[in-house]
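Hi,

Here is the model I promised to send over.

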Amino acid sequence: MTALTLSTAAAPGLRVDAIVIGVAKGSAAKTAGPVVAPGAEAVDQAFDGRLAGVLETLGASGAEGEVTKLPAPSGFKAPLVVAVGLGAQPDKDAGYDAEALRRAAGVAARALAGSRKAAFALPLTDAADAGAVAEGVLLGAYSFDAYKDTGASARNGKNGKAPLAEAALLGGKPRDKAFKAAVERATAVAEELNRARDLINTPPNDLNPEAFAAVAQAAAKEHGIKVQVLDEKALTKGGYGGILGVGAGSASGPRLVKLSYTSSKAKKHLALVGKGITYDSGGISLKPAGHNETMKCDMSGAAAVFAAVVAAARLGLEVNVTGWLALAENMPSGSATRPGDVLRMFSGKTVEVLNTDAEGRLVLADALWAASQEKPDAIVDVATLTGAMMLALGSRTFGIMANDDAFRSAVHEAAEEAGEPAWPMPLPEHLRKGMDSATADIANMGERMGGGLVAGLFLREFVGEGITWAHLDIAGPAFNEGGPFGYTPKGGTGSAVRTLVRLAERAAAGDLG
Ligand code: BES
Ligand code: MN
Ligand code: ZN
């Protein structure tokens, strides 16, 4: 990953490949043209104060996502200036929004792929801004090329450019505790988030439940996290009928991984549950061609939970965080669960499987019940659960459902603080009866309309009595099928990781809504 440093150096003397500066859209009251953001003073001076005009001549407007490259002015050791759009200029006295900085830094880092070292001279008003720029750089510079021909050695060749190797954040205060902490936090979170992206992008023939569990085990060992892996034998003995039922058709057996990070100073216990379907073919209710090519992403929830637990451990948060990864591969075969089968779940409830493609809720149900046995202060599950949630909220926003309004708001606030688009969704009681089963306690499918909410209502039945719970349906934002934008690459995005870390921080502060 890109190496980050805070620097007080002046831009002109830096021997780097590029100086990154910010450019914003001028507010309507003044000129309509672009304005140079604070941080770029040295560059502007070297242009005799005409930088805004130079940028306008080059077609820059300051719009978000825009990149304008220009030769560095005389007196600069760096050859190139990269001006990145920040969007609308903030009101007088207000700083730039952290998410605008994060996105701009990500766009610049992507534009600088193939370069070795860049200096970022973006407008920083405080340590939080430095953290946002650091996150944007580290997330934007991500690339997944483990499967490109000969891997790293082929980079800079026919397989594309190597990610930016080094970034110096100018205007940061390297000796200031808060600035150092912000960059350390950003580094830990981004490293784990990028690892989640790697897991999501890894093809399903290489990442089956056993392989995922092994990765989790190794990381847990490295970071002092207690880890327990239930294999098929242990799952059978324990009565985990949901996870076993979903994994029954696959040659690769299911796993339930429990990761326990504990702090001696913890006052709260947060449990995180992730859907970890390493490949979702739909099972006997097979998905048609066109709907299964990206289904390696169906373990994004488990990847997010894994990343968040490791990040919490690395940050030494004063909260206990337990992660539950419900791992299975959903495949059709002679041993697969059939539509019409009834599963006896870990909670004791029976479920009539009407559609084997509604498998996520089955593995989550067992993991939610397992998590409930420890009576945590709150449970959050994360899942690429329904196509319906994508239809409702689009491909960049995840839905939040909960059995407690205050907690749903707390999770939404955590998402906003982290810079992740999210929106509250209801759990309408009338949709429950659509899941009534003639044979079992409940069916795994209900009304088609409001399918995302139906799935949420199903999960609610497997949360222990009196336990606060929220459900994040990340089916839209988990996997980016379009082109890269901001700090978001194509493919696995690491959706929900930053929200979960933020929520763990809030829990450490005793604030769970
Ligand atoms: N993994 C899918 C949901 C999904 C779809 C995630 C598209 C990401 C992108 C899930 O297991 C699924 O197949 N859900 C079904 C449920 C239905 C059968 C009740 C769906 O949404 O169609
Ligand atoms: Mn499915
Ligand atoms: Zn699925």
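Asp280 bridges two metals, the zinc ion (ligand 3) and the manganese ion (ligand 2), which sit 3.1 Å apart. Donors here are N, O and S atoms within 2.8 Å of the metal (3.2 Å for Na, K and Ca), and water is not among the atoms, so sites may look incomplete.

Before the details, the ground rules. This is a predicted model, so local features need pLDDT of at least 70 and side-chain atom pairs count only at pLDDT 80 or more, while totals for chains, interfaces and linings use all residues. Residues are numbered from 1 along each chain as its sequence is written, chains are lettered from A and ligands numbered from 1 in the order in which they are written, and side-chain values use heavy atoms, with hydrogens and water left out.

Back to the metals. On the cut-offs: four donors count as tetrahedral if all angles lie between 85 and 135 degrees; four count as square planar and six as octahedral if opposite donors are over 155 degrees apart and all others between 65 and 115; anything else is irregular.

The manganese ion (ligand 2) is held by Asp280 (OD), Asp357 through both O and OD, and Glu359 (OE), at 2.0 to 2.2 Å. Its donors are spaced D-x76-D-x1-E in sequence. This site also has six donor atoms, but with angles of 70 to 170° it is irregular.

Asp357 is partly exposed, at 23%. (Buried means under 20% relative accessible area, exposed over 50%, partly exposed in between, with a 1.4 Å probe and protein chains only.) Asp357 sits in the loop between β13 and α10 (360-372); helices (H or I, at least four residues) and strands (E, at least two) are DSSP runs, numbered from the N terminus.

UniProt positions are given in the numbering used here, feature names are shortened, and annotations may be inferred rather than shown by experiment. The record puts "binding site" at Asp280, Asp357 and Glu359. They are spread over 80 residues of sequence but cluster in space, with a largest C-alpha distance of 8.4 Å. Of these residues, Glu359 is included in the lining of the largest cavity.

UniProt also places "active site" at Lys287 and Arg361. Both Lys287 and Arg361 are in the lining of the largest pocket. On a 1 Å grid over the protein atoms alone, a cavity is a set of points where a 1.4 Å probe fits but cannot get out, and a pocket is an open set with protein on both sides within 12 Å along at least five of seven lines; lining residues have an atom within 4 Å of a point. Lys287 lies in the loop between β10 (269-280) and α9 (300-315) and is buried, at 16%. The entry's "domain: Cytosol aminopeptidase" feature covers residues 355-362, a span that is 38% helix and 0% strand, with its end C-alpha atoms 11 Å apart.

On to the rings. The count comes to four aromatic pairs, where rings of Phe, Tyr and Trp (its six-membered ring) pair if their centres lie within 6.5 Å; planes under 30 degrees apart count as stacked, over 60 as edge-to-face and the rest as tilted. Tyr240 is buried at 9%, whereas Phe346 is partly exposed at 22%. Phe458 and Phe462 make a tilted pair, 5.1 Å centre to centre with 35° between the planes, and both are buried.

Two arginines also lie over ring faces: Arg197 over Tyr142, at 5.2 Å from the ring centre, and Arg396 over Phe485, at 3.4 Å. The rule is NZ of Lys or CZ of Arg within 6 Å of the ring centre and within 35 degrees of the ring normal.

Cheers
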